[in-house]
Amino acid sequence: MLRLEGMCPGMRTCWTAFIGTLLVSSAAAEDARCPNGPAPIQLEDLQAAPDCSTAHELHEACAWGSSGDARMTEVVIDKCQAGFLDHLTSTQKRRYEKRLDACTKRYPVTEMGGSIQIYLSSMCYEDLAATYFKATKGGRIARTPRWKVPDIAE
């Protein structure tokens with residue numbers, strides 16, 4: 001049996017805190033739910049997203065964790081690049097391409113790598129595109145955004 005003596009000033013306070021924690025936890029879980037519930041996310045869900053940031057957040061929350069995410073990533077990257085790619089200077093474009101290469105080096109896709117490597121590299125590319133999209137203000141990027149190759153959980 002759980003003993004709360006000495007841990008809580010009063011039983012009412014403890015129960016109130018416990019119930020509040022449950023409510024906050026369930027509200028946070030509601031926010032992270034995918035549109036199809038436990039069913040996998042579909043291309044249409046990402047295409048329907050109003051912008052890059054929304055599509056990226058949705059894909060991060062609902063990713064399959066397999067090579068199937070590469071197709072989803074293409075949709076998100078297209079949304080992102082539409083907002084910034086034409087506005088980059090030639091120096092910024094070279095920097096963007098170098099950063100894409102950094103994803104390729106960090107998460108190489110090889111014959112032995114399999115599905116998880118495809119997922120990891122595609123999510124890295126997507127994270128980079130979303131970072132550049134967020135840095136775009138008034139149709140241009142004043143300076144190259146800060147970014148480092150993310151540690152993507154498998």
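This is a predicted model: local features need pLDDT of at least 70, side-chain atom pairs count only at pLDDT 80 or more; totals for chains, interfaces and linings use all residues.
**Entry 1: the overall layout**

I started with the secondary structure and found 6 helices and 0 strands. Read from the N terminus, the order is α-α-α-α-α-α. The protein has 154 residues, and buried ones make up 32% of them. I also looked up the surface: the accessible area comes to about 10,000 Å², and 56% of it belongs to carbon and sulfur atoms. Then I checked contacts between residues at least 6 apart in sequence, and 66% of these join residues at least 24 apart.

**Entry 2: the core**

Next I went for the largest nonpolar core, which holds 31 residues. Which of its members touch the most other members? I noted Leu 46, Cys 80, Phe 84, Tyr 96, Cys 124, Tyr 132 and Ile 152. The elements giving two or more residues to this core are H2 (43–47), H3 (52–62), H4 (69–84), H5 (90–106) and H6 (114–135). H6 gives the largest share, with 8 residues.

Leaving out residues up to four places away in sequence, Leu 46 touches Ile 41, Ala 55, Leu 58, His 59, Met 72, Val 75, Val 76 and Lys 79.

**Entry 3: helix H4**

I wanted to know whether the length of H4 agrees with its residue count. The 16 residues of H4 should span 22 Å at 1.5 Å a residue, and the end C-alpha atoms are 22 Å apart, so the two agree. Which residues of H4 are buried? My list reads Asp 69, Met 72, Thr 73, Val 75, Val 76, Ile 77, Cys 80 and Phe 84. I then asked what the buried residues of H4 pack against, and the partners are H2, H3, H5 and H6.

**Entry 4: aromatic rings**

I counted 3 aromatic pairs. My first stop was Phe 84 and Tyr 132: the ring centres are 5.4 Å apart and the planes sit at 40°, so I wrote this pair down as tilted. The pair links distant parts of the chain, with Phe 84 in H4 and Tyr 132 in H6, 48 residues apart. Phe 84 is buried at 0% relative accessibility, and Tyr 132 is buried with a relative accessible area of 0%.

Tyr 132 turned up again with Tyr 96. Here the centres are 4.9 Å apart and the planes are at 70°, so this pair is edge-to-face. Tyr 96 belongs to H5 and Tyr 132 to H6, 36 residues apart, and this pair too links distant parts of the chain. Both Tyr 96 and Tyr 132 are buried.

**Entry 5: disulfides**

How many disulfides does the structure hold? I found 2.

One joins Cys 52 to Cys 80, with an S to S distance of 1.8 Å. The torsion about the S-S bond is about 70°, so I noted the link of Cys 52 and Cys 80 as right-handed. Cys 52 lies in H3 and Cys 80 in H4, so this pair ties together parts that are 28 residues apart in sequence. Both Cys 52 and Cys 80 are buried.

Cys 103 and Cys 124 form a disulfide as well, their sulfur atoms 2.0 Å apart. That link is left-handed, with -75° about the S-S bond. Cys 103 sits in H5 and Cys 124 in H6, so the pair ties together parts that are 21 residues apart in sequence. I checked burial here too: Cys 103 is buried, and so is Cys 124.

Ser 122 is in H6. Is Ser 122 buried or exposed? Its relative accessible area is 4%, so Ser 122 is buried. Beyond its neighbours within four places in sequence, Ser 122 is in contact with Asp 69, Ala 70 and Thr 73. Asp 69 and Thr 73 were already on my list of buried residues in H4.

Thr 131 is also found in H6. At 19% relative accessibility Thr 131 counts as buried, because the cut-off is under 20%. Its contacts, again leaving aside neighbours within four places in sequence, are Pro 145, Arg 146 and Trp 147.

Conventions. Residues are numbered from 1 along each chain as its sequence is written. Side-chain values use heavy atoms; hydrogens and water are left out. A nonpolar core is a set of buried Ala, Val, Leu, Ile, Met, Phe, Trp, Tyr and Cys residues joined through side-chain atoms within 4.5 Å. Buried means under 20% relative accessible area, exposed over 50%, partly exposed in between (1.4 Å probe, protein chains only). Helices (H or I, at least four residues) and strands (E, at least two) are DSSP runs, numbered from the N terminus. Contact means heavy atoms within 4.5 Å. Accessible areas come from the Shrake-Rupley method with a 1.4 Å probe; for residues, only the protein chains shown count as cover. Rings of Phe, Tyr and Trp (its six-membered ring) pair if their centres lie within 6.5 Å; planes under 30 degrees apart count as stacked, over 60 as edge-to-face and the rest as tilted. The expected span of a helix is 1.5 Å times one less than its number of residues. A disulfide is a pair of cysteine sulfur atoms within 2.5 Å.
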